[in-house]
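Have a look at the model first, then read on.

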Amino acid sequence: MSDVTTEAADPPAEARPVDPSGPERRPRTLLLTTEVADPPAEAPPAEPPPVDPPGPTRRPHARALLLTTAEAGLSLAVAIGFMLWARNIRVDPLVRIGQVSGLAQLQLRAALVALPLLALVLYAAHRAAPHRYRLALRFGCAAVAGLGTGIVAGGIAVALRGTPWGLGGQDGDPATLQGYAWSLLNGEGLPDLYPPGFIVLLAGWTKYLRDDHVGFALKDLQLLLSAAFGPLCYLAWRSLLRPVWALAVALPAALFFLDPIRPYSHLVMVVLLPLLGRLLAELSRCAGRSVPSLLLRGAVLGALFGLLFLTYSGWFVWAAPGAVLAVAAVVPWRRGGGAIGRAGALLGATALTAAVVASPSLLRMLRKGASTVDRYAYFDVYVDPAYVVGWRYDRPGLADWAVWPPTGDLAGQSLFTLVLLAGLALALALGLRRPPVLAALACLISAWLLRFWFAGHMERDQAVMLYPRTTWLILYSLIALTVLAGMLLSGGAARVWHRLTDRQEARPPQRLGRRLAAGSLCGLAVFGALAGSWSANRYMPADPKLITMGVDAWRAHTLARGDGSCPLYAPGHTCAPPHGYGRPQDSKDVLIWCGNVPGERWEAVCGARAPWDQRPRD
């Protein structure tokens, strides 16, 4: 329903019935706006409200582009600037007291940045003109989105203080990334199946900015992409939602899913879902657009899809079946051949551009994808496959998979799970035809089905196929649907209010809405500070014996610098020289590899003896 209603035109003067007993009155109309009713004829005319002086005239599209650019620039500047500011926090990151002091300084600095911004938004909500309030709210949301992951990136900078190496050092996935980048620099080409986007970026950063120190370049990109994670997620949702609602989806998702070791992977996931929603939104409006406009919009969307595919392709595999069904549901089949042809132009331009941009990875996947099998099992492979509201990565701490997931109060389900399910129900009831709801629902159903398909054939095929990573896509979709349900519920309540009240009483709710939005921004800012500290704390250096996420920062402090000296806070003031790089080789395993499982438990967990178990059989 439109936000603005139009009144029926008044009949000609000679056609109007005139009541001789009283003055002529205009017919009453349905009240859906916040206008004040016309005063009776005998009353003196109301004094017009003050009007701001007109500003310089600009074309609407140019002004919108300028504001969007400023919004994006502010969010990225806050995120990256805060991360750089945190690099001068001087604490010993190997000592727990030093870690606590570093986290506290991050919170103090975040408050110094956020409080003036939030005060300005609150003042604008109470005192400023509507257009100035909207501008303050818009920029306030952008800044909070940047500050949230800026805190996490700042915490990683504190955790890595004194060492030039990134999280993981030369072990695990960081070693694989460094090996691929180094082999690319040596002319050995791109990897066969691993998405090449980040590899090319890491190789270029190493060559031009880090003087062939690929491990040092990885640290730079871990910090930069971790900081930019929140702004990019927020900006993707801003293509669909107003600022506060976009922040309500993006901030929890960014802080919950950010993995500073490989920030590019989850960055693709959090951007892909709203980008799919944008495609569905364009498709639902294609009947009223020209073909050249649709071709241009499809080319832009396709280029973005292609770039995301080059960066990490797993999310596309898990979301593809649902996305195809969602697109088919939105195509305007009943509006005639012209509308269907315009939809085909949009989809064709999108698909063609995406295929061209993603071709360096897509062609390799088509040639060799069927022969590649993932057999690595980690903590989440061993737990209940229906548990999708939490995970432990492959650094589970001292927890045992046999007692995970934690037991909830209602048939094992926690209150958080019930809130997500309530959000799912409301979103389906109130917004099933809305593009953002359709996009989230498509990703949820598709990832859900493929998750159980791969898990159900895991023992037979001896292949994990990364199925636990669908947990993130499912949970992300549920979070998005819950926020969208809140948005739809609030919009419906506002419409009911305007229908039930007369015009004189409609203005207070509008002012109340401004104050609620400003207060919500303050609440989200506090959540960002708390959740950012929680995320940063997980990556503080910790002894490898604890098997936590802090192992990766610990490893970075155990490798020598470029000149051969040990990092400033190296454990025991000793370190190892870095080893040489080689092109990573595909695994030759024919059975599932049980990570972090003691040798004596391999038979009970995976059905085979550990390769290093040399004990004689009975």
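1. What is the handedness of the link of C594 and C606, going by the angle about the S-S bond? The link is left-handed, with -105 degrees about that bond. Keep in mind that this is a predicted model. The S to S distance for C594 and C606 is 1.5 Å, and the pair counts as a disulfide because the cut-off is just that the sulfur atoms lie within 2.5 Å.

2. Where does that pair sit?

3. As for cover, C566 counts as partly exposed because its relative accessibility is 27%. C575 is also partly exposed, with a relative accessible area of 25%.

4. For the overall tally, the count comes to two disulfides. Counting bonded cysteines along the chain, the pattern is 1-2, 3-4.

5. Two further cysteines to look at are C286 and C522. C286 has a relative accessible area of 0%, so it is buried. C522 counts as buried as well, at 18% relative accessibility; the cut-off for buried is under 20%.

6. On to helix 10 (residues 314-330). Its 17 residues should span 24 Å at 1.5 Å a residue, and the end C-alpha atoms are 25 Å apart, which agrees. Do look at A320, though: helix 10 bends there by about 50 degrees, and a proline, P321, follows within four residues.

7. Which residues of helix 10 are buried? They are G314, W315, F316, W318, A319, G322, A323, A326, V327 and V330. When you follow that list along the chain, remember that an α-helix has 3.6 residues a turn, so residues three or four places apart point the same way.

8. Last, the surface. L410, L415, L418, V419 and L421 make a nonpolar patch of about 460 Å². One of them, L415, lies in helix 12 (residues 415-431). L415 counts as exposed because its relative accessibility is 64%, and the cut-off for exposed is over 50%.

Notes:
Residues numbered from 1 in each chain as written. Predicted model: local features only at pLDDT ≥ 70, side-chain atom pairs only at ≥ 80, totals over all residues. Heavy atoms only, no water. Patch = residues over 30% accessible without salt bridge, like charges linked within 9 Å, V, L, I, M, F, W, Y side chains within 5 Å. Areas by Shrake-Rupley, 256 points an atom, 1.4 Å probe, with all protein chains shown as cover. Salt bridge = Lys/Arg side-chain N within 4 Å of Asp/Glu carboxyl O. Helix = DSSP H or I, 4+ residues; strand = E, 2+ residues; numbered from the N terminus. Buried < 20%, exposed > 50% of the residue type's maximum accessible area, 1.4 Å probe, protein only. Expected span 1.5 Å × (residues − 1). Bend = angle between axes of the 7 residues up to and from the residue.
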